[in-house]
Amino acid sequence: MQAILYIAHGSRVKEGVEQAVNFLQGVQQEVTVAIQEICFLELATPTIAEGIASCIRKGATAIAVMPILLLAAQHAKHDIPKEMAKAQKLYPYVKFTYGEPLGIHERLIDTLQARIIEKQQPNSNASVLLIGRGSSDPAVKRDLAKIAKRLRTKYHYKAVDTCFLYGMGPTFEDWLLQGKQQQIFIVPYLLFTGILRQSIAKRLQGFDSQNILLCESLGYDDNVKKVLVERIDELLHFKEEGVS
C-alpha cells in the first residue's frame, strides 16, 4: 500500500510547528493516497524514523518521502537520504522513493510579490532583499540568485539582492553596513514563523523603518500548496513509471 511521508523542517517556536501541520493537513486533502503522515527533520516530533514507522504500522509497503523544503541543500541532499537509508535496512521489504524540494517555481515568485504588496505598495525606485537561511552548498546561492532575478524581471524592481543568515556570504550584516537609502522590502525566504525571522527583526531595530520594510516570510499559501501538490504528483508519477 502506498504512503506519503511529509518531512517539514521543525522549529523551536510552537507557532512554526503549528503552521506546518495546519498547512500539510490542507495538502493531504488534495492528495488521494490512503496513508499520509507528517514528521519533522529536527526540533519537533514525530521524527523521520517515527513517521516511517507510523506509515508501516498502517500497512505501507511503499513510502513516497516528500521534503517540505524550499531549496535543495544539506537537509535535502544528505540528512533525509541518510534517514531513508537507515529505514531501508530496517524495512527491506518497503520501497522508498524521494521527492524534490519546492525549488524554483513561478508560483513562488508570485507569492514573494504578494508579501511585498501586503506590506506596502512599492514605489518606482523600490528594491528587494531576499534573505535565505544559508547553507554551505553553493547550489543554494545560485538558486536564490535565480529567484531574485526572476522577481526583478517579472515585477520590474530596480534591484533584488540576496543574503544569508549563516553559511556563505553575503551575510545580512554585510548588507546592513551598505547603508541603503531607497525604499527596500526585506522578504525572508523562509516557510515558517520562527527564531530566524525574529532575529531579522531584532537586527533591524534602529534602522529607518520608513525605507527598510520587513515583510512576512514567504510562508504557506495557496501557491505553495499548489507547488507542493505538483511535486507530489511528479513523485508518484515517477514511481508508477519505475523511476526512483
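Helices are taken as DSSP runs of at least four residues, numbered from the N terminus. In the predicted model, the chain has eight helices and eight strands. The radius of gyration is 19 Å, close to the 18 Å that the globule rule gives for 244 residues, so the chain is as compact as a globular protein of that length. Along the principal axes, the C-alpha atoms fill a box of roughly 60 × 30 × 30 Å.

Of the 244 residues, 52% count as buried. The accessible surface of the chain comes to about 11700 Å², and carbon and sulfur atoms account for 50% of this area. Contacts were also examined by separation in sequence. Among those between residues at least 6 apart, 79% join residues at least 24 apart. The side chains include 29 positive and 26 negative ones, and the centres of these two sets lie 3 Å apart.

Aromatic rings were considered next. A pair of such rings is described by the distance of the centres and the angle of the planes. Rings of Phe, Tyr and Trp pair if their centres lie within 6.5 Å, and by this rule the chain holds three aromatic pairs. One of them is formed by Phe 172 and Trp 175, with 6.1 Å from centre to centre and 15° between the planes. Because planes under 30 degrees apart count as stacked, this pair is classed as stacked. Both residues belong to helix H6, which covers residues 172-176, and they are three residues apart, about one turn of the helix. Phe 172 and Trp 175 are both buried.

Key: Residues are numbered from 1 along each chain as its sequence is written. This is a predicted model: local features need pLDDT of at least 70, side-chain atom pairs count only at pLDDT 80 or more; totals for chains, interfaces and linings use all residues. Side-chain values use heavy atoms; hydrogens and water are left out. Helices (H or I, at least four residues) and strands (E, at least two) are DSSP runs, numbered from the N terminus. The radius of gyration is taken over C-alpha atoms; the globule rule is 2.2 Å times the number of residues to the power 0.38. Buried means under 20% relative accessible area, exposed over 50%, partly exposed in between (1.4 Å probe, protein chains only). Contact means heavy atoms within 4.5 Å. Accessible areas come from the Shrake-Rupley method with a 1.4 Å probe; for residues, only the protein chains shown count as cover. Lys and Arg count as positive and Asp and Glu as negative; His and the chain ends are not counted. The place of a charge is taken as NZ of Lys, CZ of Arg, CG of Asp or CD of Glu. Rings of Phe, Tyr and Trp (its six-membered ring) pair if their centres lie within 6.5 Å; planes under 30 degrees apart count as stacked, over 60 as edge-to-face and the rest as tilted.
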